[in-house]
Amino acid sequence: MIADPARCIPILASLDIEVTRAFYVDRLGFSSDYVEASYLIVKRDDMELHFWKTDDRQFPENTSCYIRGGQVPALFEEFRRNNVPGLSPFEVRPWNMKEFYIHDPHGNLLRFGCGEW
């Protein structure tokens, strides 16, 4: 067994690193151990997202990240209780995944899904 398996970590665009950090930490419950003017890393459990600074809206408005697993129903309930803005319904989609969506303040789409419900 590999102690540190390879992972895929999305690197999303941010129009304002501090606004992005505040949304992910204050609204979605991530922590942030690394932030600078042009780069941010947020983590929550086994989820890790990186952000780079851009001035071009087309990047975050046309980017998404898919987060999948058994923790997703509990995340939906937490986000619902915390009135996360733009939280979609948690529904079974035609591809047989139960999913919900959130757009962050700059337009990045976070898609959360699970196959068991």
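**An exposed loop residue**

Tutor: We may begin with D45, which is exposed, with a relative accessible area of 57%. Please keep in mind that this is a predicted model.

Student: Where is the place of D45?
Tutor: D45 belongs to the loop between β3 and β4.

Student: What is the phi of D45?
Tutor: D45 has a positive phi of about 50 degrees, although it is not a glycine. Most residues other than glycine have a negative phi.

Student: Which loop holds N96, and what is the phi there?
Tutor: N96 lies in the loop between β6 (91-92) and β7. The phi of N96 is positive too, at about 65 degrees, and N96 is not a glycine.

Student: What about D55, is it buried or exposed?
Tutor: D55 is exposed, because its relative accessible area of 70% is over the 50% cut-off. The residue is found in the loop between β4 and β5.

Student: How far is D55 from R68?
Tutor: From C-alpha to C-alpha, D55 and R68 are 30 Å apart in space, and they are 13 residues apart in sequence.

Student: Let me change topic. How many helices and strands are in the chain?
Tutor: The chain has two helices and eight strands. Starting at the N terminus, the order of the elements is β-α-β-β-β-β-α-β-β-β.

Student: Why is the chain said to be as compact as a globular protein of that length?
Tutor: The radius of gyration is 14 Å, which is close to the 13 Å that the globule rule gives for 117 residues, so the chain is as compact as a globular protein of that length. Along the principal axes, the C-alpha atoms fill a box of roughly 40 × 40 × 25 Å.

Student: What percentage of the residues in the chain is buried?
Tutor: Buried residues account for 39% of the 117 residues. The accessible surface of the chain is about 7,000 Å², and 50% of that belongs to carbon and sulfur atoms.

Student: How many residues are in the largest nonpolar core?
Tutor: That core has 24 residues, and those with the most contacts inside it are Y24, L28, F100 and F112. At least two core residues are supplied by each of α1 (17-27), β3 (39-44), β4 (47-53), β5 (64-68), α2, β7 (98-103) and β8. The largest share, four residues, comes from α2. In soluble globular proteins, nonpolar side chains tend to be buried together.

Student: Which residues does L28 touch?
Tutor: Leaving out residues up to four places away in sequence, L28 touches F23, R44, E78, F79, V84, I102 and L110.

Student: F23 is on that list. Where is F23 found, and is it buried or exposed?
Tutor: F23 is found in helix α1. It is buried, because its relative accessible area of 8% is under the 20% cut-off. Not counting residues up to four places away in sequence, F23 touches L28, V84, P85, I102, H103, D104 and P105.

Student: What does F51 touch?
Tutor: Again not counting residues up to four places away in sequence, its contacts include L12, I17, Y24, S38, V42 and N108. The C-alpha atoms of F51 and S38 are separated by 8.2 Å, and the two residues are 13 apart along the chain.

Student: How many aromatic pairs are there?
Tutor: A search of the whole structure finds 11 aromatic pairs. One of them is F79 with F112, an edge-to-face pair with 5.8 Å from centre to centre and 70 degrees between the planes. This pair links distant parts of the chain, since F79 is in helix α2 (residues 72-81) and F112 is in strand β8 (residues 109-114), 33 residues apart.

Student: Are F79 and F112 buried or exposed?
Tutor: Both F79 and F112 are buried. They also form one aromatic cluster together with F76, F90 and F100.

Student: Which charged end sits over the ring of F90?
Tutor: The charged end of K98 does, 4.6 Å from the centre of the F90 ring.

Conventions
Residues are numbered from 1 along each chain as its sequence is written. This is a predicted model: local features need pLDDT of at least 70, side-chain atom pairs count only at pLDDT 80 or more; totals for chains, interfaces and linings use all residues. Side-chain values use heavy atoms; hydrogens and water are left out. Rings of Phe, Tyr and Trp (its six-membered ring) pair if their centres lie within 6.5 Å; planes under 30 degrees apart count as stacked, over 60 as edge-to-face and the rest as tilted. Buried means under 20% relative accessible area, exposed over 50%, partly exposed in between (1.4 Å probe, protein chains only). A charge sits over a ring if NZ of Lys or CZ of Arg is within 6 Å of the ring centre and within 35 degrees of the ring normal. A nonpolar core is a set of buried Ala, Val, Leu, Ile, Met, Phe, Trp, Tyr and Cys residues joined through side-chain atoms within 4.5 Å. Contact means heavy atoms within 4.5 Å. The radius of gyration is taken over C-alpha atoms; the globule rule is 2.2 Å times the number of residues to the power 0.38. Accessible areas come from the Shrake-Rupley method with a 1.4 Å probe; for residues, only the protein chains shown count as cover.
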